[in-house]
Amino acid sequence: MLNTETILEKPNNSLKISPLFSHNHQPWQGNINSVSFDAEGIKFKLRNLEKPCYIVKKEEQIGVTNEGHIVPINHGNQAQIETLITVPSLAIQQLGDPSFLDFYGVKYAYATGAMAQGIASEELVIALGKERILSSFGAGGLSPHRVESAINRIQQALQQKPYAFNLLHSPSEPAIERRSVDLYLQYQVRIIEASAFLDLTDNIVYYRAAGLSLNSANQIEIKNKVIAKVSRREVATKFLQPAPVKILKQLVQQGLISELQATLAEKIPMADDITVEADSGGHTDNRPLICLLPSILELRDEIQTKYCYQQPVRIGVAGGISTPQSALAAFMMGAAYVVTGSINQSCIEAGTSQYTKELLAQSEMADVMMAPAADMFEMGVKLQVLKRGTLFPLRAQKLLELYKNYNSIEEIPPAEREKLEKQILKKTVQEVWQETVTYLSQRNPEKLSKALSNSKLKMALIFRWYLGLSSRWSNTGEKGREIDYQIWCGPAMGSFNDWVRGSYLSESKNRKVVDIADHIMTGAAFLYRIQSLKIQGLKIPDEYSQYRPEGL
């Protein structure tokens, strides 16, 4: 590190250097024509990450070049061009953990997370997979037939290229979770993103253990890979440890896995990767990343010391990743990979309506709030949604208040019930209940039977009709229901919009998931170079140190 501070500034449209301390710089040798002293040339040279970067001084001018080399100091002659600072070439693949790239066969330590109900669509997964970027299909909330159709389409399009499918924990409907696992095993879906888990279930353990075997070298081969999305230490602990012996024994007794697979499962962690989810869209604990990531990294190291896995579990991050700055911050904190979510649903490949995409493209960081979740309504669980352009969060909160204050629909005062039917449901309670009966008769007859003798549960199911359909209305662009759209979104969306403002990505019609991935990762690598220069004493004007997305 230099013991001098070099100042790169632009007074009177020229670059100058003002050393604060004397220092002997090494001579630079090369073609002087390769050195840029003008603004555009300097920007280009700094962004040329494939080559090293030399900050040089000729007389009183500072220039930047990617060519030439440093030569030993000749005490007999004064160097015509001095080398002030050098930084090496930088491949984007150097960001994050290289084992993530090898393990999943991808080119970046970057992935896109599953957004339920097909928002993370087939088109989105295929577009990224073709470029060897891992993406998870949003299977949560979809019928088995719909998920099966997605599996067939994605597998046919990508063949051996990377893709993943979401396994969304369903505490109130475990049969749905099992059907998803059965489909993934049947079609040999080799990577799943497990999300919203509060504890390990026999379903997730079954998927993991069913893919275990010994190879010819007598080593454990893990075919069914698990990326667990967590926001709490206690949940992370369960995925960092081997599968519970009790569940493994049950699976053996049921004939679902072999004794060998159960034995092997006791020697490996439940997950290959843990995605630490900070303040994100949808289900979230609104945790600050700078506190959560170090905590989970420390936990991983403790458990690794205990079990001595051959391959330690990698820790990545999600929630708030939307710009090169946020991605680089995560990598510098020790993240093995980064995951984007909210920003992808404003892209043309996402399974959202154009109206929703445009709302997202206009949102700011403060345009989000928490609202009751449909899948865990009775538990009081909330998720983060967009409040700009929709009354959904306020209306959903009203439903939760009614649920807490009354034991049945019949107890709700007539005036409140009238508002409920006219303003929120826009149907009579009886009409909504009949639709719910029809739905549950096919999907969950057992729950319907319970609701017929439990007025509180019946009320919850009526309210969940609105909570469940509101997200579908947003995806399909239901006319007349725009004010009720439920749009899962975190503050990352507003941060992204700030970053791309004034560029071609400011409009949703120009947003492609691959472009965004490339820009975020390229920008992160560029900013790493800038920070490396600054740490060595270089002060760089904003016009040289900002990364703005340009057409690819």
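**Close-ups of rings, charges and cores**

**View 1. A charge over a ring at F103.** R314 lies over the face of F103, at 4.7 Å from the ring centre. For a charge to sit over a ring, NZ of Lys or CZ of Arg must be within 6 Å of the ring centre and within 35 degrees of the ring normal. This is a predicted model, so local features need pLDDT of at least 70 and side-chain atom pairs count only at pLDDT 80 or more, while totals for chains, interfaces and linings use all residues. Residues are numbered from 1 along each chain as its sequence is written, and side-chain values use heavy atoms, with hydrogens and water left out.

View 2. Rings of Phe, Tyr and Trp (its six-membered ring) pair if their centres lie within 6.5 Å; planes under 30 degrees apart count as stacked, over 60 as edge-to-face and the rest as tilted. Across the whole structure, a search turns up 16 aromatic pairs. In one of them, the ring centres of F103 and Y104 are 4.9 Å apart with planes at 90 degrees, so this pair is edge-to-face. F103 is partly exposed at 28% relative accessible area, whereas Y104 is buried at 6%. (Buried means under 20% relative accessible area, exposed over 50%, partly exposed in between, with a 1.4 Å probe and protein chains only.)

View 3. F496 and W499 both belong to helix α18 (residues 492–500), sitting 3 residues apart, about one turn of the helix. Helices are DSSP runs of H or I with at least four residues, numbered from the N terminus. Relative accessibility is 0% for F496, which counts as buried, and W499 is buried too, at 7%.

**View 4. Inside the largest nonpolar core.** This core has 170 residues, and F463 is among those with the most contacts inside it. A nonpolar core is a set of buried Ala, Val, Leu, Ile, Met, Phe, Trp, Tyr and Cys residues joined through side-chain atoms within 4.5 Å. Helix α19 (residues 513–535) gives the most to the core, with 12 residues. Leaving out residues up to four places away in sequence, F463 touches F377, L399, L402, Y403, I409, I412 and L420; contact means heavy atoms within 4.5 Å.

**View 5. Y403 and its charged partner.** Y403, one of the residues that F463 touches, has the charged end of K456 over its ring, 4.4 Å from the centre.

Conventions
Helices (H or I, at least four residues) and strands (E, at least two) are DSSP runs, numbered from the N terminus.
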